[in-house]
Amino acid sequence: MSGSDASASSTLKAPPAQFDLPKLEEGILRSWEENDVEGRSLRQGAEAAHGKGDRPSYAFYDGPPFATGLPHYGHILPGSIKDVVPRYKSMCGFAVERRFGWDCHGLPIESLVESDLGVHGQAEIEAYGIDKFNAACRAGVLRFTAQWRQTVGRLGRWVDFDDDYKTMDPSFMETVWWVFRQLWDKGLIYEGHRVQPVSPMLGTPLSNFEVAQGPQEKDPVTRKEGHKRVQDPSVTIRFALEDEEGAYLWAWTTTPWTLPSNLALAVHPDLTYVKVRVVETGEIAYLEPGRLADYQARERVGATEELSRIKGKDLEGRPYVPLFPYFAKYREHEDGSRWAFKVVCAEYVSTESGTGIVHQAPAFGEDDYQVGQREGLPLVRPMGLDGKFDETVPDFAGQFAKDADKAIIAALRDGDKLVDQDTLVHPYPHCYRTDGPLLYMALSTWFMKVEADRDALVANNAQIHWVPEHVGSGRFGNWLGQARDWNLARNRFWGTPLPIWRCDKNPEEMVCVGSIAELEELAGMAPGSLTDLHREFIDPITFPSAKTPGGTMQRVTEVFDCWFESGSMPYAQNHYPFDADRKEYVENNLPADFIAEGLDQTRGWFYTLHVLANALFGRPAFKNVIVNGMVLAEDGKKMSKRLKNYPDPNEVISKYGADALRAYLISSAAVRAEPMRFSEKGVRDTVRMVVLPLWNAYNFLATYASADGWSPQAADLDHRPESPLDRWMLSRVQAFVGQLRAELDDYALSNVVPAFQSVCDDLNNWYIRRGRRRYWRGRDDAAAHDKQDAYATLFSVLTTICHAIAPTIPFFSEWLYQRLMVDTGLAGEGEDSVHLRAFPEVQADRRDEALERDVAAVRQAVALGLAIREREKIGVRRPLAKITIAAPDETVRRAVQTYADEILGELNIKALDVRADDSGLVTLSAKANFKALGKRLGKRMKEVAGAVAKMDAAAIAAFSASGSVELAGETLGAEDILIERQVSGDTAAEAAEGMTVLLDTKVDDALRREGLARELINRIQNLRKTADLDVSQRISLRLRCGGELAAAARDETLAAMIRAETLAESLEVSGDEAGGAHTHADEIDGDNVVVGLDPR
RNA sequence: GGGCGUGUAGCUCAGUUGGUUAGAGCGCUGCCCUGAUAAGGCAGAGGUCGGAGGUUCAAAUCCUCCCACGCCCA
């Protein structure tokens, strides 16, 4: 990328003074653009999809978002996941096709266009013209694609927007037809009814989405959206039993307009009903006794006399006289058996309201419809979508259903069929557009059979690797287990039309068209003349019936549920099977290797992909899926544009950087499908905790390498260094690479960033911290080869980490790669980006687990030593004479002995004493091992535990020696008692698992003076820093001080140390003057000191 | 109403087949260290483990009910 820079030196450049991640990222974006880096990566995938290239393909499906809104965190989170995995797989040698997709059809855009045009509902749209309406949808649907491309690109996501797929493309739509035709041929498609909410004023059925958009008055009781509290009639009607003279069934309804369509009465099979005589009128009635009491309590019914009790199921089948004459023909089948107007059983009948006997109009309620289907009742729907009664109900013909309520009630009263009339205020769904009440009615629609194939769906699901696992086995698995047939059709306009042509003379005769060519042939059109499959082009196409003389085949009016289109995406994005070029690719890459979407897609895209792949190919649609949880606002609420309770994603990226946002998101609970609270502070902290440590490490290397003129090109980077510190760090990095590979191979993204932070911590706070002096030596130093090792090791460690983290933080890793490999001329042909390189392999021969354990022991000893110094208030600058480390484990003892210099240097101590026995340092106490003893002892546990706790030093010693003890009548073995070590409060000691550390806190004159010398060095270094001197600047130094400080500064050895540490070529100590270009006055142990220095 | 999750320190989260001082990181406070670091080290404060019952010698963990939040379905 900077290959054009002819003057590129092979040494590392000094690091930039400022760390500005967003700015750095924008530079990387430009260089990716200039050098076609993203394009080269994407083309590898595209080539594989066309059967070219030599890389094995890794199939990734990108789920299409609706393009009608702007991208938000609900897209950015899965977008990040969808970038990390393909980048990783690309670095692992696969070709990953990554095509962006757009969901173009459906309600979101239709609703927007309805608003824009001010045209609402089926009738208005048809009057306006489907062609014009669809043209407006087409023109508007991609209005935000530029913003999407900008945000997704800025996020660093590599995905092909040029070769994207759109569900409105003719090629996509043709494959949807093909998919449907396959289902048709397999006999999986049937015509049926579904009860749907209808807005009568719009003359249109509404989707659940539209219903929920209704009046925003959230009902305080049901808390249902889209409902509004209205007053409705509440009527109780008597139905005369045919088989019992003078006896009636009392039923209740709030929708009198459905009574003309009554076909049955439902009772709960297990409820008990009473037969009573109303004292006042002598009428005999059946109903549920609790409900009767309620009517009586409200004084709607007078006193009654109970005659008998009967179970609901014993009422089943009893015939009654039709309430109205209109559909009395359904009373009996042709064979004379009872058909309608009888009592049926239904579990859903409740006793919360009404009479316990429910009026059934199968065309006007979901429950009624189900009961009607089960009982074989006819479907009677005496009105169209406009809600007006037709001629089959002559008394009310032309009246709107709700308006007819009054007349119907009056008719019932006149016929003496009304027991009670009241009103009721209750929540009822209303139209989001017209504000009028919705009517539920059974409408004809098209279904795909799913229920029959549940077993196969479940079996195929077992092959899918779900992350997290519980979504697959729980939510998704349960859903499959009770899957219902899929209503595929919508009475809408902007969608892929159902390719069914029906004969106008014989509705039974249908043709399902599976391709454009087939339709052209049927309709006698010139091949290639049909270029668009939307309704305005397809609906007018008719052709003569092949079976019914004089019949004309006309398309049914419905379009597909847009979920059917997105579920067809694996085939449709490749124009399968029509595109010969990609046919094989599609077949070879089913199921896909990987998809990722949000938890809300469980019943959405995940489901439709699965159902269609199962129906078409008998296979699952994907092998691995990461399900992310929902991103909530910081307050735990849903993110809401209206409430503005979250920061704009573009602003967050330009403020903190995309790498920070990505790292933050993919480390969150959301990648385990749990909800996460998005916090801007979290992103900010991620810069500091994830990106900066790596920058700091590079900064260190670059600072010294450029000062030293060290060149990685001249170095032997494969050299096996001798220093244990180097070997440890190299081993540590191999462990990191292995861990990252394991996590990524398992699609467990949430652990990637913590593993990276951990290795950076070891790099910065142990490897560099302990090794920094190795980089200070001059060129001619006798230990020059050690310095070479130090540079080479640090360089190779940074390079490896840079590659391994590249999929996660693509920008900073690219920047680092440019500095380490490209600027220095190490990158070869085609290696100009880290993202075109191979992911690091684990080099097992560089792993040294024993060494890693040793270093862990050393670091523990240091931590304990620092804790003691803290408690004893002895700063680390003050040297101490001796540290004693007691450890029973021999390998630990050998480790601290071997790396004694590290411990002594880090803790500023002169001598180390290692021993096995810590008996002089700690007191021992005994505790029962509950886990081991609990099961065995049961109730005696408490008593024995008490006895163990009381063991004294002698008893513990005896137990340690023999490995067994008798307590409270129980024989306890070595496993049953835990010995705990505790240092006594008055010794300078600390104990931890397997190790006890003691410091000798006695300070003699020599130690004290050395401590003072180090204090002086500290003041001088601080002054150098405030004076902003270069780290290699030589100085001359003057100190004004007296007493012990002067004695320390005049001591020959200590003075040499001061000069060496501070790069002082001269050192004067006087009692009065300490002038110079830079001076600083301070106090050490109560004595004044003035430091003066001049650059030389 | 149903299904699936979630609820542990101010924040983000660990917490193994139930096992006895409930942990980490961040933040806060104090001290220390600094010849790379925008850092770092050591410690401290901070918890009715959502609530109530129950099982058990022993419950954050198992059971029941309830509450809150999220997604999906009705």
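The model is a predicted one, in which local features need pLDDT of at least 70 and side-chain atom pairs count only at pLDDT 80 or more, while totals for chains, interfaces and linings use all residues. Residues are numbered from 1 along each chain as its sequence is written, chains are lettered from A and ligands numbered from 1 in the order in which they are written, and side-chain values use heavy atoms, with hydrogens and water left out.

RNA strand B is surrounded by 54 residues, of which the closest are Arg475, Arg877, Phe930, Lys931 and Glu1061; a residue is near the strand if one of its heavy atoms lies within 4 Å of it. Of the atoms of RNA strand B that come within 4 Å of the protein, 58% belong to sugar and phosphate. The surface near RNA strand B comprises 22 nonpolar, 13 polar and 19 charged residues, where Ala, Val, Leu, Ile, Met, Phe, Trp, Tyr, Cys and Pro count as nonpolar, Asp, Glu, Lys and Arg as charged, and the others, Gly among them, as polar. Helix 24 (680-708) is one of the helices that each supply at least two residues of this surface, and the largest share, eight residues, comes from helix 24; helices (H or I, at least four residues) and strands (E, at least two) are DSSP runs numbered from the N terminus.

Elsewhere, strand 23 (residues 552-555) has a covered face formed by Met553 and Arg555 and an uncovered one formed by Thr552 and Gln554. Strand 23 pairs in the antiparallel sense with strand 20 (residues 500-503) over three bridges, pairing requiring that DSSP find at least two bridges between two strands, and arginine 555 stands opposite tryptophan 501. Strand 22 (residues 543-544) is also paired with strand 23 in the antiparallel sense, over two bridges, with methionine 553 as the bridge partner of phenylalanine 543.

Definitions and conventions:
Buried means under 20% relative accessible area, exposed over 50%, partly exposed in between (1.4 Å probe, protein chains only).
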